[in-house]
Amino acid sequence: MIRIFQYECKRLLWNKFFFGILLILLFYGWQVLNGVTILGVSHTAPFSPWSFGDYLSRMIPLLWIGALFFLTFFTSQKAQRVTILTNATPVPIKQYTFARCAAAFAGTGLLCLACLIEAAVFYGQYFGWYRWGQLLFPALITFIPPLIFALGSGWLLGKYKSWLIYLWMLIPFLCMTLPLPNAFGIWNGSFFKEYPLSIETMDPSFTLPITVIIVQCILVILGIVLLVLDPRFLKKMAVK
Amino acid sequence: MKRIRLFFPELKRLLKSRLTWLIVLLTVISPITGLILYKPATASTMLSMYLANPAIAGGVVGGVLFGVLTVYELDRSNRSRVNVLMDAVVSPLSMALIRLTALIASALITLALTILIWLSISWWRIGSVFSGVDYVLAYVLMMGLALPLSILAAAAFYQFTRRLDLSFVLFAAFAGLSLTVWAGNWQLCWLNPCVWALSDDFSNFRIFRSVTYMRLTWLVALSGIWSLSYLCIRRYGKDLFRSLIWNVRRICRPIIALLLVICSGIAYAAQPMVDHSNPDQTVMSFYEVPYAQDVVCTNRSAQVLPDTAAGTVSGKAAYQFQNTSGTEQTIAFGINPGYTVSSVQANGVNIPFTVSDYQEYNEAMLETSIPAEEQVELVIEYRGFPQEDYNMSALQGSAEISKTYVCLQNASLSPRLMNVLPDEGMYPTTIEITLPDSMMVIPFGSGKAEILAKNNDGTATWQYESNGTGGILYAGDYIRENIETDGMTIEFYYGRRHQDVMESAGAVDAVKSVVAYCTEHYGTLSFGSGDTLKLIQSRVSGGGYATDGASLLDEADFTASNLGDGSKGTVAGEVMIHELVHQWWGLGNMFDSSDDTNPWSAEGLTVYTTYRIVKELYGESYAQENYVKQWQQEVDDYYLNYYVRHPEALEMLPSDKQLEITGNLSYVRQYCEMPLKILKAQQLVGGEEAMDQILHDLFNRELDPAYPYLTYQEFLDACGLTEEDLNLD
């Protein structure tokens, strides 16, 4: 199992795509940090959890695309042509699926880590600020739910029809243009700009309203459920 | 020939694809997003709302769609695993070129369809101010050129990476940067040009030139990048570097690619649209140049020849100096950084001169030494394309020069004298300007322009007299209407295309009501030139200004869309109100303007009076919502700003970021904090009537000739208050 995971990690991470997207993310992230985050969000410091969260939410669309492209390694027509062979191996299909998803998650996690390190370097260089522990919770709550949901939903869609995964990549861009309810504010970046203003205290500490926590939890659960859901279920639904 | 032969089957194949037609269809309908979702042009003119926004949005959506189509099509043979066969039949280099041209051709077809389909819709929405030239230029430049740029970028990304996934991510990041971080930088926003307004009544060539320049710079840059990626097209199963080595064997290919990249770099760095004015707008070093000793200016004149087709200006300015110092003296002028000075002559002899690299407030400093003679005539010849201020680069369009509109301000009209005192307090000035005979020349000030001669080439030479070191001139296809009100004559100039809107809006009545309000509350105005005030409608500029005897009215004050805005009551035109009020409060002789950062300025009382007039005309709730609440919001934001609270953090930042953050410091304090303080004073002195009486007395006070300015202390004394009383909570 571990060897399969290691093999899949090598497939995903030791290739042009991973290094390419890493470079793109770092360039884009630096532009965001220098152009937007440096000004601070909603009267807070550039290194406040709010400004940091705003930076992260601006990175989500690219990370979302990256995560879904990782999945195309397993769901593309080319990959599906070798499914007959992999299914014939003694490894249970569910375990194999789990190893692959874990590899995709590890790849996405590394990309997220690169974004976080870049922000840490930026804060250190400009402000001599190194209290990174304060930013851990905003990073986890901002990155993990949408990316687990991206992997879960993308996995299911990709297994159902491989081209659907490409359409699914547009979702964060669509969210950015739509007036979403406040609970989905992390998805279009409005949460980090609007919520601290509504708290009406100076430099508010990082807190989340219950609706946002519920939405993020639902996303995590939904992502996991979609990961374990059999794609044949979707096909049956479509036939009905 | 083979490539041309293959182009048509490739185009035919492309046009047979259902995906292509889906993208064509989506692109054709995409301008609708500019009416609903994405509105980068914020001005309320009809052309901004119903032409600029749909065209820019169409460019963004169409560009993204064609980028996706490009990557998808380039990957087709690879995806279908026929690339080996394809490469055996046609060179992959030829095929890349054919595919690119076929995609660009399909984009052109899409653009043509979009222009045709949206013509009637735009005409219907824009109404009487619709212009075919603006329509075609807006769609071609703002939408059309986005498509080949996207195709070139996407194709280059694919040819470099030869991966669908990586190309998509690269393209998404490239488009995302243009739409977010680069959106305020007029040269970098390759997908969504920085267009904030289009004029309904006058021409828009200056902003179209700016967009064209940006697009062409990117077209050259992306052509260069595409050419580099062309060298990376995989050959004979080789990897990127081996293919590159193979492809560069024809030396012309890398040379063309590098030339294109270098040319785009030069075009970016040497752009002619915007100057390099100091971004720190608190620095006014040109006003601190020491005056030349024992030199006075007795007279000056200028002959100005705008080229309305090219948007350039050439001119000859002459200055009469009396130099009683007996030595050579250095004279300094402010000149538009876009102009080139061809010669400077003193008493008919060429003399050396320098133009500074340092620029400030849209001026460079021209310095020359006049000889030690008592009477010196200095003649400066200049020409060039007037540049706009770097600090306003996201709001370009004000330096419009065309057959229907010309605006030349101060150093753009003729070199502005910086360091010579006037003779007997006057700088007698004569300006001659030659323009198409359909244009009316309006000096911004008390001067009156008259036609000196009608020329055979369809132009007329106008002349007017004024007094000062600078000067502003408007010219265009104007209508003049004389308004008699409260013992004064207002010469109201507005664009001919705006006549219907002005009449429907009751603009004349609006002007009368503002003048009546101010006269009744503060007293009558007196002008140096026969009780005449000019009110000139400018091209949409987002604001206005005023001088002795003249105020500006922004075209956006009275638009067809404003007429339908019920919240504004029967009268629109808040910029007009503000600039008319400046005739009572402001204009240099009433407020000491030597310290630009002082919150007590002409703007505080003017904004307060504008609020009072708006309250009377539009009602209390409108005034409260659009004035008091906004002032309060701005002031709150200012004092809550992290860097205002922690100046030590500001000092850690690079200087350009510091300037960006502190840029609106004086704006908030003058335009928002001071009106709030005056409003608080109004409450403390007993209400509106009491405040009106105080302001009336201040306006009609006896002036001290040594220091005629109205100070904050005088205002406080008149109110019987102290500075602390007006501190805001």
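**Close-up views of the predicted model of chains A and B**

**View 1. The contact between chain B and chain A.** In this predicted model, 21 residues of chain B are in contact with 25 residues of chain A (contact: C-beta atoms, placed from the backbone, within 7 Å). On the side of chain B that touches chain A, α10 (164-179) and α22 (655-662) each supply at least two residues. The largest share, nine residues, comes from α10(B). By class, this side of chain B has 15 nonpolar, three polar and three charged residues; Ala, Val, Leu, Ile, Met, Phe, Trp, Tyr, Cys and Pro count as nonpolar, Asp, Glu, Lys and Arg as charged, and the others, Gly among them, as polar. Helices (H or I, at least four residues) and strands (E, at least two) are DSSP runs, numbered from the N terminus.

Residues are numbered from 1 along each chain as its sequence is written, and chains are lettered from A and ligands numbered from 1 in the order in which they are written. The model is predicted: local features need pLDDT of at least 70, side-chain atom pairs count only at pLDDT 80 or more, and totals for chains, interfaces and linings use all residues.

**View 2. The largest nonpolar core and Val169(B).** A nonpolar core is a set of buried Ala, Val, Leu, Ile, Met, Phe, Trp, Tyr and Cys residues joined through C-beta atoms within 7 Å. A residue is buried if 20 or more other C-beta atoms lie within 10 Å of its own, exposed if 12 or fewer, and partly exposed in between, with C-beta atoms placed from the backbone. The largest core has 145 residues, of which Leu62(A), Ala67(A), Leu71(A), Ala52(B), Met142(B), Val169(B) and Phe171(B) touch the most other members. Helix α4 (residues 46-74) of chain B gives the most to this core, with 19 residues. Leaving aside neighbours within four places in sequence, Val169(B) is in contact with Ile21(A), Ile24(A), Leu62(A), Ile65(A), Gly66(A) and Phe69(A). Another core, of 104 residues, lies apart from the largest one and includes Ile370(B), Leu378(B), Tyr474(B) and Leu695(B).

View 3. Thr72(A) is found in helix α3 (residues 49-75) of chain A. Thr72(A) counts as buried because 21 other C-beta atoms lie within 10 Å. Beyond its neighbours within four places in sequence, Thr72(A) is in contact with Gly158(A), Ile165(A) and Asp165(B). Helix α7 (residues 136-160) of chain A has 25 residues and reaches 35 Å from its first C-alpha to its last, close to the 36 Å expected at 1.5 Å a residue (expected span: 1.5 Å times one less than the number of residues). Of the 25 residues of α7(A), 19 are buried.

**View 4. Lys12(B) on helix α1(B).** Lys12(B) lies in helix α1 (residues 2-16) of chain B. Lys12(B) is classed as exposed because 10 other C-beta atoms lie within 10 Å. Lys12(B) and Ser106(B) are 94 residues apart along the chain, and their C-alpha atoms are separated by 9.7 Å.

View 5. Four strands of chain B form an open sheet in the order β6-β7-β3-β10, with antiparallel pairing (two strands pair if DSSP finds at least two bridges between them). The edges are β6 (353-360) and β10 (416-417) of chain B, each with a single partner strand, so one side of each is left without a neighbour in the sheet. Strand β3 (residues 329-335) of chain B is joined to strand β7 (residues 363-370) of chain B by seven bridges, and Ile331(B) has Thr368(B) as its bridge partner in β7(B). Elsewhere in the view, strand β9 (residues 405-409) of chain B has four of its five residues buried. Five bridges join β9(B) to the antiparallel strand β16 (residues 472-476) of chain B, where Ala475(B) is the bridge partner of Val406(B).

**View 6. The five-stranded sheet of chain B.** This open sheet has the order β17-β18-β19-β21-β20 (chain B), with mixed pairing. Its edge strands, β17 (478-485) and β20 (546-547) of chain B, each pair on one side only. β17(B) and β18(B) are antiparallel and share eight bridges, with Arg480(B) opposite Tyr493(B) in β18(B). Two residues lie between these strands in their hairpin, where Asp486(B) takes a positive phi near 45°. Strands β18 (residues 488-495) and β19 (residues 532-538) of chain B run parallel and are joined by five bridges; Phe492(B) has Leu535(B) as its bridge partner in β19(B).

Note on methods: Contact = placed C-beta atoms within 7 Å.
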